[in-house]
Amino acid sequence: MVLDYRVKRKLLQELRNHLDEPEITLVIGPRQAGKTTLLKQLASEQEAVGKPSLFLNLDFDQDSSWFTSQSLFLKRLALKTADIPHTVFIDEIQRLENAGLFLKGIYDKGLKHKLVVTGSGSLELKEKIAESLVGRKRNFRLLTVGLKEFINYRTAYEYEESIQEFLLIHPMLANSILEEYMNYGGYPRVVTAESERDKNQALNEIYQGYIERDIQALLQLNKSVNFVTLLQILANRVGYSINYASLSNQVGLSTPTLKNYLWYSEKTFITASVTPFFRNKEKEISKAPQHYFIDLGLRNFLLGQYENPMDQGMRFENLVYRLLEQSTRDSVARIHFWRTQNQAEVDFVIDKGYDLLPVEVKSAEMKKPKMSRSFRAFIEKYAPKEAWLINKSLKGEEKLGNTWVKFLPWWELL
C-alpha cells in the first residue's frame, strides 16, 4: 500500500508548545531521523498564521556564511528581519565550531527573535553546547519513528485513539506490522519507501552518510573499518554482556580506544547501553553493559539480513528495550539488567528508586502463563509490587508472594 502523506511525529506538538517560550528550542537526534522535516513544517505553520520565520541550514554554504562571527550574524539578522520578531530556525548546528558559545552570545543579546536549533548527535552538540547553554535552552530528542508512530502511519491514522484495541482484535495484521518494523526499523525514508529494495537502498545511504560524515569526522579516521566491525559485532550480540578484552582482540583496538568508540556510538544515537543492577556485590556480578540499537533497521542492515527466524528473540528484546526507554525517558527511573554468579538473569530491571519493576521478554507465542526460574528468583528476592512478562499475545496476571506478575502483549507498552 502506498501512503502519500508524511509520518506524524509526537514531538511536533511539544515543539509547537515551546515556540512561545524564551529559551532556545534545541532538537537533537540521529542523522536522517526527520529533524529538518519538523523544522520546515513548523516554519510553514508559522508563516500560515502570519508569524514570520527565517530558515538557515549550515549544510549550505550560503547559509553557513552567516555564522562566520556573532557580529556578522547579528547584522545579517537585523537586515533580513528589519527588527520584526521572527522565529529563526537553524538546522545542523553541529557543523559550527564552538556552537554552544556562539548561541550563548546570540541569546544573551536579548533579541526579540525565537531560536529553534537542530543538530545530529556529536561531541560538540552533546557536550560543549550543553555546558554553554545552561538555563538558556530546552532539549528535545527526536529518534527514528517509534513503533506507535509507525503503526498509526501504517493504519492511515484511523485508530489513533484506540490503537491497542485495534491491534487486539486484528492479531494477524498486528503481527505483520510488527514484523515489518522489526525488519526495517523507523528511519522516515525507510518507512515511506514503497518496496523492500527501496528500503534497503535508503538504509544503505543513511549508513554511508553516518560513517562518512559523522564518524570519520568525529574520530578523525581515514578508514572506519574497525568502527564498522565493532557495530557488526554489537548487532550480532544484542542483549549480551560484552567482554572488553575479547572484543578488543576481535575488533583490533586497544581497550581504551574500544570504549571510546562505544561512547561515540551512543552519543551519535546508534546504540544504547544498559548497565547491570545489583544490591549484593558478593552474589550478583557486575559486568560490562549490554548494548541495544536505537533503530532495528540499521542493526539488521549491518548484519545483511532482515528476515531471520533465528534472530527473532534478539530483535523482539531490542524492540521492548526501546519501548521501555521511551516510557522512562522523562523520569528518574533507570533501566538495568540483572545477572547472578549462578547465571540467573532478568532481561530488564527498571529501578524507580522507591520500587523495582523486573521485565522479562519472551518472543515465542505463549499459550499459558509461565515464568522462568530466574524471573521467580528475582521476584522472591526483591518482592517488587509488580513484574511484567512481555510477549507476543498473552494477557493475564498471577500473584507470586506479594507481587502481581502481569503477562502483557507488546502493544500494552505503546
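This is a short tour of the model, one selection at a time.

Before you click, note that the model is predicted, so to speak a calculated one: local features need pLDDT of at least 70, side-chain atom pairs count only at pLDDT 80 or more, and totals for chains, interfaces and linings use all residues. Numbering starts from 1 along each chain as its sequence is written, and side-chain values use heavy atoms, with hydrogens and water left out.

**Stop 1: Leu39**

Select Leu39 in helix α2, residues 35–48. Helices (H or I, at least four residues) and strands (E, at least two) are DSSP runs, numbered from the N terminus. Leu39 counts as buried because its relative accessibility is 0%; buried means under 20% relative accessible area, exposed over 50%, and partly exposed in between, with a 1.4 Å probe and protein chains only. Now show what surrounds Leu39: leaving aside neighbours within four places in sequence, it is in contact with Phe55, Phe89, Ile90, Asp91, Val116 and Thr118. Contact here means heavy atoms within 4.5 Å. For a sense of scale, draw a line from the C-alpha atom of Leu39 to that of Glu345, 306 residues apart along the chain; it spans 43 Å.

**Stop 2: salt bridges**

A salt bridge is a side-chain nitrogen of Lys or Arg within 4 Å of a carboxyl oxygen of Asp or Glu, and the structure holds 19 of them. Glu45 is partly exposed at 26% relative accessible area, and Arg16 is partly exposed at 29%.

For a network, select Asp59, Arg95 and Arg213, which salt bridges link together.

**Stop 3: around helix α7**

Move to Asn152 in helix α7, residues 147–154. Asn152 has 7% relative accessibility and so counts as buried. Beyond its neighbours within four places in sequence, it is in contact with Tyr157, Tyr159, Glu160 and Ile163. Follow Glu160 onward: its side chain forms a salt bridge with that of Lys8 (3.6 Å, N to O). Glu160 sits in the loop between α7 and α8 (163–169), while Lys8 is in the segment before α1 (11–18), 152 residues away in the chain.

**Stop 4: the largest pocket**

Which residues lie nearest the centre of the largest pocket? They are Arg141, Leu143, Glu325, Gln326 and Arg329, out of 46 lining residues. α16 gives the most to this lining, with seven residues. The space inside is about 1400 Å³.

On a 1 Å grid over the protein atoms alone, a pocket is an open set of points where a 1.4 Å probe fits, with protein on both sides within 12 Å along at least five of seven lines; lining residues have an atom within 4 Å of a point.

Arg141 belongs to strand β5 (residues 137–141) and Glu325 to helix α16 (residues 312–328), 184 residues apart. Arg141 is partly exposed at 29% relative accessible area, whereas Glu325 is buried at 13%.

**Stop 5: the second largest pocket**

Finish back at α2, which gives the most to the lining of the second largest pocket, with five residues. Select Gln32, Ala33, Gly34, Lys35 and Thr37, which lie nearest the centre among its 20 lining residues.

Terms used. Grid points are joined across faces, edges and corners, and a volume is the space filled by probe spheres set on the points.
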